[in-house]
Amino acid sequence: MGVETSAAWQALQLHCDSGMGAMHLSSLFGEANRVDRFSLELDELYIDFSKNRITEETLSLLQALAEQQGLKHEIERLLVGEEVNDTEERPALHSALRAQGQDVSGVAEQVQGDVEAVLQKMTQMVDKIRAGHWRGYSGKPITDVVNIGVGGSDLGPLMITHSLQTVHSPVNLHFISSIDGTQTSNLLRGLNQETTLFILASKSFTTIDTLSNAETAKDWLRECIKSDDVIHAQHFIGVSTKPDKMTEWGIPPENQLLFWDWVGGRYSLWSAIGFPIALKIGMPGFRELLQGAHLMDQHFATAPLSENIPVVLGLIDIWNINFLNIHDKAILPYDARLKYLPSYLEQLVMESNGKSVAKSGDSVAYKTCPVLWGEVGPNAQHAFYQLLHQGTQAVMCDFIAPVERDDFDATSHAEKDESLRHQHELALANCFAQSRVLMLGDGAIPDNLKSSFDSPFKHYPGNQPSNTILMKTISAKTLGMLVAMYEHKTYVEGVMWGINSFDQWGVELGKLIAKETYSAIKEKTLAERFDSSTKALIDRVAK
């Protein structure tokens, strides 16, 4: 029997069918102190979830579902390092990567020595590069560092470094992930072999995309450097769980940073995969990022279910998806520094919970993961907000914004600072206005303008649920808290659905079939066993 036949699930379905499913959000805002009762705060994060079609009874019923599914026990199992990833027979210890020896127990405590040893080695390498003491083949200091990775080895470092772009760094960071070669060739044309260092980041050190780009980078270096030993020693750093494969490729042990099989790719920015982040903001800044995430870990571990931010947000998603039939989610940051956050969360959420088989091995009979997408809010307003406001499907939204900007230049002209503050306030105004209109629809139109909206083409139904997540500022600490919040929220949803949020067999199959197809492109006769469509596509390439 699946969770959908349980007493707690059926109680929620009855609650939905008896009126909540047909209720309009606007009718709920007559309640006294609604925002106070449906918002939570932790340190520098504030979450307003009042613009969801929920009442206190809804949350109480959702909490009963969480208790039925043993959520408290499952949270504890995750954080102490029990084997929550049962299909791969290992723990998911990303929280142990950021504990820095604080408040840990079980297996999470046992790995702290290994984690700290890697952080110490990262510190030595980061300090050497940032101080200009890491030299290229000609003796010049490194000025540009290129991270070659894909998936979690790219998205996490890219997202965090872009979010912290206003932090000064003595080196320029670049990212290569595309396998088609265009991104690589365009980037290399603007760099100098004498002063460029490559980070080759791959958990398995077998990923075709990453190794192909690394070979292209090595060929580029060979235009100026005759010795591969010099190339490997002075122009490459490897980050992987496979030291033997890094050594075989040519990277010397002193240039290797390790992490472990229990670090999932989409959780790896907290490990040595976060090396580009440390290069950007320094190791003290990287440890601040870890500390922010650990603050959220501790909240997740200790807060009651009713006051636990990842739990409450996860349960609200369950309500929206499985009872209100809302299957899309938009991530809408109102600060361009958070440009890559939607892409990062796409992987985190959909690779984790894009599953149709429960832990029992049975097919699920209910929706699991939402289709998640997004864009920086001001850009999105001129793109897909038309669908949000007047489309035929409901979409739940997360609006995300910093309350303050702390990156104004103290030495700049007052007029410039005032202009930047004006822009920031305008962004916040748009953020708050959009969530309000999505909730109220026509009800948000001022009385003096209602006559000009008296047309079926200008009707706004509203009733679109959303959360608003405010960070005091965009900092290493608040980013750590934000990302850890989404990680734990995703895990909560997986527990409710009874699925494994930590394997990704669909990804593994794609990699395997890609290798087979590549062989067929190189040797056309191998394509004879393929389907007619794939064979025709390979034939066209051959011609």
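Modeller: The largest cavity has a volume of about 40 Å³, and the structure holds one cavity of 30 Å³ or more. This is a predicted model, in which local features need pLDDT of at least 70 and side-chain atom pairs pLDDT 80 or more, while totals for chains, interfaces and linings use all residues. Residues are numbered from 1 along each chain as its sequence is written, and side-chain values use heavy atoms, without hydrogens or water.

On a 1 Å grid over the protein atoms alone, a cavity is a set of points where a 1.4 Å probe fits but cannot get out; a pocket is an open set with protein on both sides within 12 Å along at least five of seven lines, and lining residues have an atom within 4 Å of a point. Points join across faces, edges and corners, and a volume is the space filled by probe spheres set on them.

Residues lining the largest cavity include Leu97, Val115, Met122, Trp260, Trp270 and Ser271. By class, this lining has nine nonpolar residues, one polar and no charged (nonpolar: Ala, Val, Leu, Ile, Met, Phe, Trp, Tyr, Cys, Pro; charged: Asp, Glu, Lys, Arg; polar: the others, Gly among them). Helix H7 (residues 112–130) supplies the largest share, four residues (helices are DSSP runs of H or I with at least four residues, numbered from the N terminus).

The largest pocket has a volume of about 940 Å³. Of its 44 lining residues, Ser204, Thr207, Val507, Glu508 and Lys511 are the closest to the centre. Helices H8 (152–163), H10 (208–222), H15 (341–353) and H20 each give two or more residues to this lining, and H20 gives the most, with eight. The pocket lining comprises 17 nonpolar, 16 polar and eleven charged residues. Domain 2 (94–279) and domain 3 (506–542) both contribute to it, so the pocket lies between them (bounds come from an automatic or database assignment).

An unreviewed UniProt entry annotates Glu351, His382 and Lys511 as "active site"; such annotations use the numbering given here, under shortened names, and may be inferred rather than shown by experiment. The three span 161 residues in sequence and the farthest two C-alpha atoms are 36.2 Å apart, so they do not all gather at one spot. Glu351 and Lys511 are among the residues lining the largest pocket. Lys511 lies in helix H20 (residues 505–522) and is partly exposed at 39% relative accessibility (buried is under 20%, exposed over 50%, partly exposed in between, with a 1.4 Å probe and protein chains only). His382 sits in the loop between helix H16 (377–380) and helix H17 (385–390), and is exposed at 73%.
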